[in-house]
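Good morning. I will keep this short, and you can follow along on the screen.

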Amino acid sequence: MWDAVQYGRTHTHFVRETPMRIESDIKLVDTPESGALSSAELAELVEQVEQLRLAANRELDSEHRAELGQFMTPAPVARRMASFFEVHRPNVRLLDAGAGVGSLTAAWVADILSRAHRPESISVTAYEVDPLLVKSLGLTMERCGEMCARYGVRFSSEVHNADFIEAGVSLVSGELFDSSRPEFDCTILNPPYRKLNTGSRQRLLLDSIGAGSTNLYTAFLSLAMRLLAPGGELVAITPRSFCNGRYFRPFRADFLSTMALRELHVFESRKAAFAADAVLQENVIVHAVKERQGQQMVVSSSSGAATGDTTKRQVPFAQVVRPDDPELFIHVSTGGLADSVVARLGTLTHSLADLGLTVSTGRVVDFRAREHLRAASGPGTVPLIWPGHLSGGLVAWPKDFKKPNALAVDPETDALLVPAGTYVLVKRISAKEEKRRVSAAVFDPRHVPCERVGFENHLNYFHQRGGGLPAALARGLAAFLNSTLLDVYFRQFSGHTQVNAGDLRNLKYPSRQQLETLGQNVADSLSIQGEIDALIEKELFSNAEKTRVEEAGPARL
């Protein structure tokens, strides 16, 4: 039976312990000939929990799931994640936070029991905030206990119907029930994905223990790593967005100072991990250990959610997180062309500051300037440039589309405008179906005559002390940003469709002279990819071994 004990208003604590005593109809699995049977039994355990997951998905409405950031783990992904653990301890304590129906725990238990050297005991602590899933989670724990008994492994479990952020902060600070902080040997996670608003209760709680996060998934990882014992293992599937961007920089610094990256696994298709839920987010499986970072780690990839098609290779940790990068971007290169691109662009050493350039985000936010927007230009207006105006490496303005083409000039909009000049514009967001991640264009005042111009907030713009660039420099910079080499490189650390100004600042560029020479030789239109790549090769890397960029196209990492 399940015993329920109330701790406060929001915390329900279920405890189930399976005794070591084996019932008469349960036979211990301890002989070689029982291998095939035991393998089938373990697969059945995972499949039974998979049916609970599918049933729960049918019962939960989409709004409820979106509110909680719920995307429960399919069985193939859960099995893959469980296989990462090394687990050499005789008594293993597992934490599963955001457990859902227990898919990850079931896969982990099945994997551990399938090994030749099994632990003497397993203790599972699971957190799930959704009361609709707790009953199924309890059934999963019961089934795991029965299977452990079958294999002669002691099993106990605790299911907490509670908010892991609140409970985890209390555990880390050592205040929950006035007991000492628990430590876990393993934690397996598919954390919820949702932004945490500044000033929210969860954000303030995390700040109180130095685990400030901008998203629920990094908050779960921050708490889980704090609850690990020294040498403990963490395996989590998350979006790749934490690998770059200034908002995730505090998390990267915190995580990389505490955990050693052992392996990063990427899916070649963004649809692979959660296809049934129509999730197009690029995901990564992280395997990390609470110890000092080694010089080598593993980067692996697979074509989809199924097991058996993994490609693995060892790489220097310094190739994944550059020692000279203060932003601590995490680069995931899967080999082949990606490695060649890293080597090629590694020869570039100039920052934007070295070039005397700056990149900023467009100042015009449409909903804030709504009363000043105009469908067409006229007296007292200036051109307003949107991402939709970018075409073939140039700005095509005006355009007959839903967005307003102009901005009224008055004292309220003066600060939103920049002086006329030649600028390089980059879309901040690319559509999921677009082949390119980085898409640049030259704003040329010869094509868009004006005295001042407004750039909408979904654009980044390169400028020189607030004004325009020399025309040749602008064309060369746009060509470099539109090259396949740059696009492949950018995808190694950016797993989402945003191209932030901080990402562009973090890049290394050719010298100003190289960019100007490139710009003098590039055609006005930057629409033919092969020509851009050939020119980049000739002007920047003519002394290097040629890379067959034209055959590869932008990589999907």
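Predicted model: local features only at pLDDT ≥ 70, side-chain atom pairs only at ≥ 80, totals over all residues.

The protein chain has 557 residues, and 56% of them are buried. Its secondary structure consists of 18 helices and 22 strands. If we take the contacts between residues at least 6 apart in sequence, 77% of those join residues at least 24 apart.

Now the pair of helices. Helix α3 covers residues 75–82 and helix α4 covers residues 103–113; their axes lie 8 Å apart, at an angle of about 50°. An angle between 35 and 65 degrees falls in the oblique class, so α3 and α4 are oblique to each other. Their crossing is right-handed. On the α3 side, the contact is made by A78, R79, M81 and A82, and on the α4 side by S103, L104, A107, W108 and D111. What kinds of residues are these, nonpolar, polar or charged? Six are nonpolar, one is polar and two are charged.

Last, the single residue. V49 sits in helix α1, residues 35–59. Is V49 buried or exposed? The relative accessibility of V49 is 3%, and the cut-off for buried is under 20%, so V49 counts as buried. Setting aside neighbours within four places in sequence, V49 is in contact with V101, G102, S103, A106 and T140. V49 and M141 are 92 residues apart in sequence, while their C-alpha atoms are 9.9 Å apart in space.

That is all I have.

Terms used: Residues numbered from 1 in each chain as written. Heavy atoms only, no water. Axes fitted to C-alpha atoms, helices over the stretch in contact; angles between N-to-C directions. Helix = DSSP H or I, 4+ residues; strand = E, 2+ residues; numbered from the N terminus. Parallel < 35°, antiparallel > 145°, perpendicular 65-115°, else oblique. Left-handed = near helix turned anticlockwise from the far one by under 90°. Contact = heavy atoms within 4.5 Å. Nonpolar A, V, L, I, M, F, W, Y, C, P; charged D, E, K, R; others polar. Buried < 20%, exposed > 50% of the residue type's maximum accessible area, 1.4 Å probe, protein only.
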